Amino acid sequence: MSTNLTEGQRAVLAMSQNVIGEVKKVIIGKDEIIIKVLLSILAGGHILIEDIPGVGKTTLAVALSKALSLDYKRLQFTPDVLPTDVTGFNILNKQTQRFEYKQGAALTNLFLADEINRTSSKTQSALLEIMEEGKVTVDGVTRKAPDPYIVIATQNPIGSIGTQMLPESQMDRFIVRLTMGYPSVENEVMMLKAKQSLVPVDSVNPVVNAEDIIKARHEVENIYIADQVIDYIARLAAATRNHQFIKLGLSPRGTIALLRMTKATALLKGRDYVIPDDVAYTFNDVVLHRVVFNSKAKINGVTGEQVLRDILSTVEVPRVAR
């Protein structure tokens with residue numbers, strides 16, 4: 001840990017360790033996933049978790065909402081879910097003869113959009129405005145979401161029965177895409193033992209509140225990043241746009257997301273400045289769902305992870321001194 005951390009930065013570090021400790025009571029053996037979700041929240045972003053059903057995606061979101069003391073709502077996305085279920089709608093009150101707004105599920109601090117790729121494109125797109133701008137517009141009236149506002153969306157792997165892909169414009173609004181995967185045998189044994197005696201989520205205690213998260217985000221913004229590292233991020237983005245196996249490279253929104261995640265990573269690693277390793281730590285999580293690979297990649301049997309690994313190995317890493 002750097003000795004140069006301010007009091008506010010030390011508070012964020014302590015807060016993060018407390019949150020991680022609480023969530024680990026429920027999510028066993030997935031420490032890195034917990035850390036990366038927390039990094040995303042500190043960076044002010046939304047999270048997409050893609051995995052098969054039953055590996056703990058929903059449990060992770062519920063545990064986080066409890067540890068962070070956030071108002072939490074969950075919507076199970078199915079083909080019959082309407083955009084108004086997400087954003088809300090106006091309904092006529094017969095007694096007053098006036099239209100009244102009925103709030104949608106998305107207007108909360110932490111919104112879990114469960115199996116988002118099982119619903120229609122029209123319903124998926126209802127989240128675009130609130131994810132980007134933190135507000136919804138219904139019948140010409142705009143309403144702000146509470147601050148902080150976080151979306152955790154889960155989706156089943158592409159190709160599962162009843163799923164349809166999210167458009168690139170919506171994928172780009174998630175700061176990271178993560179995969180939880182199956183637990184190891186040892187971790188599954190620990191989970192089964194914990195399930196015998198109590199409901200694990202009930203053991204999660206609130207350790208921070210909404211105001212703490214807002215302050216923590218300001219501390220992340222103030223983390224120092226040298227011009228050489230900014231240049232490194234830009235060169236990585238350029239490499240995705242000029243790679244032989246990539247049809248659609250990293251967008252400027254994606255580059256900004258990588259910068260924000262890099263700053264959050266530096267702080268959680270106990271530093272008040274960014275190093276190139278911080279960029280590499282979340283590079284795949286930030287970039288992989290934002291780029292589109294061409295047919296040449298498929299013909300050659302090249303995976304997205306291999307392409308991004310190639311980019312990281314070929315783009316020159318700068319030397320940075322604080």
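**Strands and helices in a predicted model**

Strand β1 (residues 47–50) and strand β8 (residues 150–155) run parallel and are joined by four bridges. The model is a predicted one.

Me: Which residue of β8 is the bridge partner of I49?
Reply: T154.

Me: What order do the strands of the open sheet take?
Reply: The order is β2-β5-β8-β1-β9. That makes five strands, and the pairing is parallel.

Me: Which strands stand at the edges?
Reply: β2 (72–76) and β9 (176–178). Each has a single partner strand, so one side of each has no neighbour in the sheet.

Me: And how are neighbouring strands turned against each other on average?
Reply: By 20°, with direction ignored.

Me: What holds strands of a sheet together in general?
Reply: They pair through backbone hydrogen bonds, parallel or antiparallel.

Me: Switching to helices. Which strands does α3 lie across?
Reply: Helix α3 (residues 57–67) lies across β1, β2, β5 (110–114) and β8. Against β5 the angle is about 175°.

Me: Now α2. How many residues, and what span?
Reply: Helix α2 covers residues 31–42, which is 12 residues. From first C-alpha to last it reaches 17 Å, close to the 16 Å expected.

Me: Is α2 largely enclosed or left open, and why?
Reply: Largely enclosed by the rest of the structure, because nine of its 12 residues are buried.

Me: Which ones are buried?
Reply: I33, I34, K36, V37, L38, L39, S40, I41 and L42.

Me: What follows α2?
Reply: G44, with a positive phi near 80°.

Note on methods
Residues are numbered from 1 along each chain as its sequence is written. This is a predicted model: local features need pLDDT of at least 70, side-chain atom pairs count only at pLDDT 80 or more; totals for chains, interfaces and linings use all residues. Side-chain values use heavy atoms; hydrogens and water are left out. Helices (H or I, at least four residues) and strands (E, at least two) are DSSP runs, numbered from the N terminus. The expected span of a helix is 1.5 Å times one less than its number of residues. Buried means under 20% relative accessible area, exposed over 50%, partly exposed in between (1.4 Å probe, protein chains only). Two strands pair if DSSP finds at least two bridges between them. Axes are lines fitted to C-alpha atoms, for helices over the stretch in contact, and angles run from 0 to 180 degrees between N-to-C directions. Contact means heavy atoms within 4.5 Å.
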